Amino acid sequence: MDLRLYDTLTREKRSFVPLDPKNVRMYVCGPTVYDFAHIGNARPVIVFDVLFRLLRHLYGADHVTYVRNITDVDDKINERAARDFPRLPLNEAIRKVTEQTAAQFGSDAAALGSLTPTFEPRATDFVLPRADGKADMITLIQQLIARGHAYEAGGEVLFDVRSMPDYGALSGRKLKEQRPGARVAVDAHKRSPLDFVLWKQSSGDEPGWESPWGRGRPGWHIECSAMSAAYLGDVFDIHGGGIDLIFPHHENEIAQSRCAHGTSAMANYWMHNEFLQIEDAKMSKSLGNFVTIRDLLADWPGEVLRLNMLKAHYRSPMDWTLKGLEESAKTLDDWYWVAADLKGEKASDAVIDALSDDLNTPQMIATLHALRNSAASGNERDRSQFAASLRLVGFLSESAEEWKGRKQQASGIDTKQVDMLISDRAAARARKDFKESDRIRDELAAMGVVIKDSKEGTTWEIAR
Ligand code: AMP
Ligand code: ZN
């Protein structure tokens, strides 16, 4: 089956045809680095990692370029820096905040089983024209002005949305539906209320770069137009992000990139993940149900979070629950039990087919359950495909021992003591002292350890 992806722009599921099968190119908007990433932010990280892995499988690992940027210039970063490091000069404080947060994000993403993208550019490296000639924000803005798509007003450079007849196609917002409203007074310098900032002036100790329009800093949207062009060219295959980015961020990226380069498209497939909420409520700091990836990782292996995320299709809203996490943990214990010792040769066609249908991960998981059952009842070919499929999508990164060891650590069980009790019990059984061997079994049970005897010897696991 060929790969089919839902495109937000054309509102249909279409066969995926890359511009160049030797270099399939994908861009996903990354984090603004001022705070710990929450579990909602993990959704695009995991979903687009699965797509990256699938593309590598279909086109070859060396034929896919995945860019996920880091937004390290933003007024929220400035506020956080001033709050957290009031004694430092602002630029140093900003560097501290962005470096710490970006490093934390990188380790969260890795713990969730995500591959490192091919490039992770930082916005601040793409403001000024570059020695290597890669695209940059100032040059893009100059091109927009030269082509009549941008103008200077009120100390800013603004994009002129009326210069682009089909502005609004991605989000379905038509220009003429936008009535000038109450915000007109604030936006008096704009030709149209939807005109957006490409460049704004910086004052005092605000971060700023010298530009043809004075010392200032870029607007948010222009970053992604510059960094995607720098690594992927003027037109590329897939652009992704969360559904909240459709408007204004992606709409404005399209406007900038198409108008600067004179192209009819920026990317050929626009993909957006739906939001997740927690126990039926919107996640928010004020409700106190704001959960960071880091906090969850203290309680659960990253693969449990990953599996739990993939139980919902990326275009459906999902409810993140404790019950779901517990079930995902049980599933993974079982999968490790069945397949962890195996590398596996070839991923199952049914798994690839499920993913090729617009990343149908619920279908993929159903297929994995079926393979697991067949594997457990002795079908070695299915066990091999089961293991290879799990590895393909980012599971079984640990050995069975590591997986078990981590659980034992989490449960506070002293594995040395367990092993000693088990050998004492074996000795008791050998001398037919069944009273003692039963006593030891009960002692282990009281510790939460269940033992299983077989011809090969005694194994144990933690009671669920
Ligand atoms: P932000 O740092 O807020 O720009 O978010 C980074 C990424 O996470 C963007 O792609 C957002 O669309 C996505 N995102 C934010 N909140 C959620 C959520 N609750 N569920 C799913 N995705 C989210
Ligand atoms: Zn972006």
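In this talk, a residue is buried if its relative accessible area is under 20%, exposed if over 50%, and partly exposed in between, with a 1.4 Å probe and protein chains only. The model is predicted: local features need pLDDT of at least 70 and side-chain atom pairs count only at pLDDT 80 or more, while totals for chains, interfaces and linings use all residues. Residues are numbered from 1 along each chain as its sequence is written, chains are lettered from A and ligands numbered from 1 in the order in which they are written, and side-chain values use heavy atoms, without hydrogens and water.

Let me begin with the overall picture. The protein has 464 residues, of which 50% count as buried. Along the principal axes, its C-alpha atoms fill a box of roughly 95 × 55 × 45 Å. It contains 15 helices and 14 strands, taken as DSSP runs numbered from the N terminus (helices: H or I, at least four residues; strands: E, at least two).

Asp 358 has a positive phi of about 50° although it is not a glycine, and phi of Leu 359 is near 50°. Most residues other than glycine have a negative phi, and most peptide bonds are trans. Are these two residues buried or exposed? Asp 358 is buried, at 1% relative accessible area; Leu 359 has 2% relative accessibility, so it also counts as buried.

The peptide bond from Phe 247 to Pro 248 is cis, with omega near 0°.

Why is helix H8 (residues 302-310) described as largely enclosed by the rest of the structure? Nine of its nine residues are buried, among them Glu 303, Arg 306 and Asn 308.

Finally, the ligand. Around ligand 1 there are 13 residues, and Gly 40, Asn 41, Gly 242, Asp 244 and Leu 276 come nearest; being around it requires a heavy atom within 4 Å. By class, this shell has four nonpolar, seven polar and two charged residues. Nitrogen atoms of ligand 1 lie 3.0 Å from a backbone N or O atom of Gly 40, 3.3 Å from a side-chain N or O atom of Asn 273, and 2.9 Å from a backbone N or O atom of Leu 276. Of the 490 Å² of accessible area that ligand 1 has on its own, the protein covers 83%.

Key: A polar contact is a pair of N or O atoms within 3.5 Å; within protein, one must be able to donate a hydrogen and the other to accept it, and residues adjacent in sequence count only if both atoms are side-chain atoms. Accessible areas come from the Shrake-Rupley method with a 1.4 Å probe; for residues, only the protein chains shown count as cover. Ala, Val, Leu, Ile, Met, Phe, Trp, Tyr, Cys and Pro count as nonpolar, Asp, Glu, Lys and Arg as charged, and the others, Gly among them, as polar.
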